[in-house]
Amino acid sequence: MTIEIENLSISFGDRQVVKGVTFQVAQGTSFGIVGESGSGKSTVLRAMAGLNTDWSGRIAFSGEAAPLKRPPAFFRKVQMVFQDPYGSLHPRQTIDRILSELPLVHGMKDIDSRIAKVLSAVALPQSARFRFPHQLSGGQRQRVAIARALIADPQVLLLDEPTSALDVSVQAEILNLLADLRVERNLTYVMVSHNLSVIAHLCSHVGVMIDGHMVEQVTAEDLRLGQVEHPHTRELRSLSVELEEPA
Ligand SMILES: Nc1ncnc2c1ncn2[C@@H]1O[C@H](COP(=O)(O)OP(=O)(O)OP(=O)(O)O)[C@@H](O)[C@H]1O
Ligand SMILES: [Mg+2]
């Protein structure tokens, strides 16, 4: 699905935290959003996901403007994955129950086989199915969160810091999984991260936010080569040592 965000503004009370943000994401690509804490990244994503209904501007998927209140069918197509896989999974529900929820809401008939398939798609053992979240590792929990997002065959994933709660060694595994799933399933991603090297790994285009504005958009290639204009982008880049050119 193509995504178009035009002049998106979002306020909490009389405080405007997203200020006229515009960007487009081509079908099957990944767009990254970086920026300092509090710059409005999650707020943009939540409005796109239909979780915040207090926005103005235009949010369109496949050329179709999304209404403030999304119809249930929307949540089959667009799913969000949150930063903290423990907080986002209900602690008293088994993985089976967690994964069944969306298919049940949409009256799907093949729930059993969907769960089996999606567990294998995210490389979790079938035995994980009847465990509780606390019986899994952090990386496994994030795989469950990704499986939950994938179970109804969405076309767009909105990923909010999907690896930042994980150990460094597990981060790369989850990023590789997300990269593979995008290609296999022809998904379109918008991903928020503090970490430019994470974004460069997964995204072809990157938007940089400061204080509610998207101040610059560059390709990941430009980012690697240091061909950026805004001082803030330079600063973020200099903080991500992994991006530095080999000597
Ligand atoms: N539900 C809310 N009510 C009031 N203010 C909010 C709410 N959610 C976010 N904000 C404010 O909006 C601003 C942007 O928050 P947001 O969570 O989008 O930032 P962020 O870029 O995702 O930051 P971080 O990198 O720390 O996750 C912040 O000043 C935050 O305090
Ligand atoms: Mg955030």
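Reader: How many bridges join strand E7 to strand E8, and do they run parallel or antiparallel?

Author: Two strands are taken to pair if at least two bridges are found between them. In this predicted model, strand E7 (residues 156-160) and strand E8 (residues 188-192) run parallel and are joined by five bridges.

Reader: Which strands form the open sheet, and in what order?

Author: The order is E6-E7-E8-E3-E9-E10, six strands in an open sheet whose pairing is mixed. Because strand E6 (78-81) and strand E10 (213-219) each have a single partner strand, they stand at the edges, and one side of each is left without a neighbour in the sheet. On average, and with direction ignored, neighbouring strands of this sheet are turned by 20° against each other.

Reader: Where is Thr 163 placed, and is Thr 163 buried or exposed?

Author: Thr 163 sits in the loop between E7 and H6. A residue is called buried when its relative accessible area is under 20%, and Thr 163 has 4% relative accessibility, so Thr 163 counts as buried. Once neighbours within four places in sequence are left aside, the residues in contact with Thr 163 are Gln 171, Ile 174, Leu 175 and Val 198.

Terms used. Residues are numbered from 1 along each chain as its sequence is written. Chains are lettered from A and ligands numbered from 1 in the order in which they are written. This is a predicted model: local features need pLDDT of at least 70, side-chain atom pairs count only at pLDDT 80 or more; totals for chains, interfaces and linings use all residues. Side-chain values use heavy atoms; hydrogens and water are left out. Helices (H or I, at least four residues) and strands (E, at least two) are DSSP runs, numbered from the N terminus. Axes are lines fitted to C-alpha atoms, for helices over the stretch in contact, and angles run from 0 to 180 degrees between N-to-C directions. Buried means under 20% relative accessible area, exposed over 50%, partly exposed in between (1.4 Å probe, protein chains only). Contact means heavy atoms within 4.5 Å.
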